[in-house]
Amino acid sequence: MTDVIGNHQARVRIKDLLLRAYIGIKDEEINNQQDVLINVSLTYDANDAINENEISAALNYRTITKQIIHHVDGNRFALLERLTHEVLSIVMEHEAVQWAQVEIDKPHALRYAESVSVCLEAHR
């Protein structure tokens, strides 16, 4: 196989992670769980993972996903901005992550709109 020379930045995407949380400030939102749809994009240096072909050399995105689920599912948040920030913080706790973007949708938050979303990003 031909060696590819260049940047081995892997972009990992966790798409459409559907969880339920108490999110909002109105009584109905405080008392009833709602769907939230989470999308995460991140980059990390995958050179070791490519060369070693071992899971221990790769970023474990399953662990990141489990941490997000544990933090969000069934918990309470007043603002979508705060929830998005907290999920981004979970992703950035992993030292291998060099850049991350988190977008969280709150379906049917506005009448006549499919959803409202907040997107935040961070880098090292």
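Trainee: Which residue is the bridge partner of R13 in β2?

Mentor: That partner is S41. Keep in mind as we go that this is a predicted model.

Trainee: What makes β1 and β2 count as paired strands?

Mentor: Two strands pair if there are at least two bridges between them. Strand β1 (residues 9-23) and strand β2 (residues 34-45) have eleven bridges, in the antiparallel sense, so by that cut-off they are paired.

Trainee: How do you know that β1 also pairs with β3?

Mentor: The same test works here: at least two bridges are needed, and two bridges join β1 to strand β3 (residues 76-77). These strands run parallel. I23 stands opposite F77 in β3.

Trainee: Let's stay with β2. Why is T43 called buried?

Mentor: Buried means under 20% relative accessible area. T43, which is found in strand β2, has 12% relative accessibility, so it counts as buried. Among the residues T43 touches, leaving out those up to four places away in sequence, are Q9, A10 and R11, and also V97 and W99.

Trainee: And why is V118 called buried?

Mentor: V118 is found in strand β5 (residues 115-123). Its relative accessibility is 12%, and the cut-off is under 20%, so V118 counts as buried. Leaving aside residues up to four places away in sequence, V118 touches L80, E81, T84, V102, E103 and I104.

Trainee: Now for helix α4. What makes its span close to the expected one?

Mentor: Helix α4 (residues 80-92) has 13 residues. The expected span is 1.5 Å times one less than the number of residues, which here comes to 18 Å. From first C-alpha to last, α4 reaches 18 Å, so the span is close to what is expected.

Trainee: Which residues of α4 are buried, and what covers them?

Mentor: The buried ones are L80, L83, T84, E86, V87, L88, I90, V91 and M92. Their cover includes β1, β2, α3 (61-72), β3, β4 (97-107) and β5.

Trainee: How are two packed helices described?

Mentor: By the angle between their axes and the distance between the axes. For α3 and α4, the axes come within 10 Å and cross at roughly 150 degrees, and the crossing is right-handed.

Trainee: Which residues of α3 and α4 meet there?

Mentor: I64, Q67, I68, H71 and V72 in α3 meet L83, E86, V87, I90 and V91 in α4. The residues of this contact divide into seven nonpolar, two polar and one charged.

Notes. Residues numbered from 1 in each chain as written. Predicted model: local features only at pLDDT ≥ 70, side-chain atom pairs only at ≥ 80, totals over all residues. Heavy atoms only, no water. Helix = DSSP H or I, 4+ residues; strand = E, 2+ residues; numbered from the N terminus. Buried < 20%, exposed > 50% of the residue type's maximum accessible area, 1.4 Å probe, protein only. Contact = heavy atoms within 4.5 Å. Axes fitted to C-alpha atoms, helices over the stretch in contact; angles between N-to-C directions. Left-handed = near helix turned anticlockwise from the far one by under 90°. Nonpolar A, V, L, I, M, F, W, Y, C, P; charged D, E, K, R; others polar.
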